[in-house]
Amino acid sequence: MGMNQKLSQQVSQLIRDKERGRGICAYLYDLDKLRSHAAELKHTLPSYCRLFYAIKANPDKQIIRALEKMVDGFEVASLGEMTKVRDVTTKPMIFGAPAKKEGEIEKAAKGDLSLINVESFHDVNRIQSIACQANRKVPVIIRVNLRQNVSHSRIKMAGVATQFGVDENQVPDIIHKLIQCPNLVIRGFHFHAMSNNLDADVHLKFVQTCLLKASEWRKTYDLNIDTVNVGGGIGVNYTRSDESFDWTLFTQGLHALKQAFMDEGIELILELGRYLTAECGYYVSEVVDLKQNHDQCFALLRGGTHHLRLPAAWKMSHPFTLYPVDTWEYPFKRPQIKEESVTMAGELCTPNDVLVRDVYVDQLRVGDLVVFQLAGAYGWTISHHDFLSHPHPDIYYVGDLPN
């Protein structure tokens, strides 16, 4: 999670801007780090795997451009996301969403999508109707909500009642219905089941389960399928512990499964989002006040959860690094704390605007910068930007911009 030289230089430039009286609140995206990380992930995957970027994690156009040459395609969940991808590339898109709009289904009927998820019986009826009107064959993939619970993930989308996918017990009925639809072609199954899982062994066992289920349904119903999509869900560690997803263990396990997938003639699709982009992003904010309240120390920041909502949504302390700014332009004493635990809150008029809770710092002064790490995924675009109508953060790209 450390900064490279170019990124440190950008922070230094922000400090110089601050010394000239300019307030600081910005996102920094390290595109070189992103490209290197994505290339390494792609390189270590076996040949039967395809790597897609789930752009819901961060749909910034420069992020998409940086990943375009590294991934096999993009997972999208709206017309807006489709447009952002198509502004950059013609690479394949997979569409998955539980509540589809007519225009999104029409995109599939026009051949703009490689696959579209089926999540309900009504989905089947709507996609078949629109495909029939367009006189096109539409490749579909059945999203399954497994009955088996997947442990060790922060958010579960299988093994529990959710709005996602087809109940595993209803899969035979949905297959029979799809077989009766002349304009729909069953290409496989989608099993996205979790979010931010840090246990590689659990994730590998999940992949094995998905292959087993897909193989059983293919043989039982004589399906000509070629795809198992296990979604994303591979996590990053936002805490100060050493636990992290063991990508090496995971890919070694995938290589060990190669023959099983090849024998079945099935491709495995991974739709990575957070795991691809989280580490390339940083949110930089300055301390504008320090105060004591009910014996607790608070640092008030320029910006807050309307820029970086994730720590408030997950009730966690976001990881950060402090950058001291030595210049102090005022004639009065500079507020500071030493060897204290501090809660870092933003500028919004709500007690929920908290990014860090009760974390020890050696020293912190008004005017210093706080650089929040792991802000490259589910940061800016999931936040409530216009609450209180504060300015949006600046966005800087570190590294070579893609053409």
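This is a predicted model: local features need pLDDT of at least 70, side-chain atom pairs count only at pLDDT 80 or more; totals for chains, interfaces and linings use all residues.
Does T89 count as buried or exposed, judged by relative accessibility?

1. At a relative accessibility of 5%, T89 counts as buried, because buried means under 20% relative accessible area. T89 is placed in the loop between α4 (79-86) and β4 (93-95).

2. The surroundings of T89 may be described next. Leaving aside residues up to four places away in sequence, T89 touches E68 and F74. With E68 there is a polar contact from side chain to side chain, at 2.9 Å.

3. A66 belongs to helix α3, which spans residues 61-68. Its relative accessible area is 3%, and A66 is therefore buried. The C-alpha atom of A66 is separated by 39 Å from that of W328, a residue 262 positions away along the chain.

4. Helix α5 (residues 102-109) packs with helix α6 (residues 121-134) at an angle of about 55 degrees, and their axes are 9 Å apart. The two helices are therefore oblique to each other. The crossing that α5 and α6 form is right-handed.

5. As to the residues in this contact, α5 contributes E102, I105, E106 and A109, which meet R126, I127, I130, A131 and A134 of α6. Sorted by class, the contact of α5 with α6 comprises six nonpolar and three charged residues, with no polar ones.

Notes:
Residues are numbered from 1 along each chain as its sequence is written. Side-chain values use heavy atoms; hydrogens and water are left out. Axes are lines fitted to C-alpha atoms, for helices over the stretch in contact, and angles run from 0 to 180 degrees between N-to-C directions. Helices (H or I, at least four residues) and strands (E, at least two) are DSSP runs, numbered from the N terminus. Angles under 35 degrees count as roughly parallel, over 145 as roughly antiparallel, 65 to 115 as roughly perpendicular and the rest as oblique. A crossing is left-handed if the near helix is turned anticlockwise from the far one by less than a right angle, and right-handed if clockwise. Contact means heavy atoms within 4.5 Å. Ala, Val, Leu, Ile, Met, Phe, Trp, Tyr, Cys and Pro count as nonpolar, Asp, Glu, Lys and Arg as charged, and the others, Gly among them, as polar. Buried means under 20% relative accessible area, exposed over 50%, partly exposed in between (1.4 Å probe, protein chains only). A polar contact is a pair of N or O atoms within 3.5 Å; within protein, one must be able to donate a hydrogen and the other to accept it, and residues adjacent in sequence count only if both atoms are side-chain atoms.
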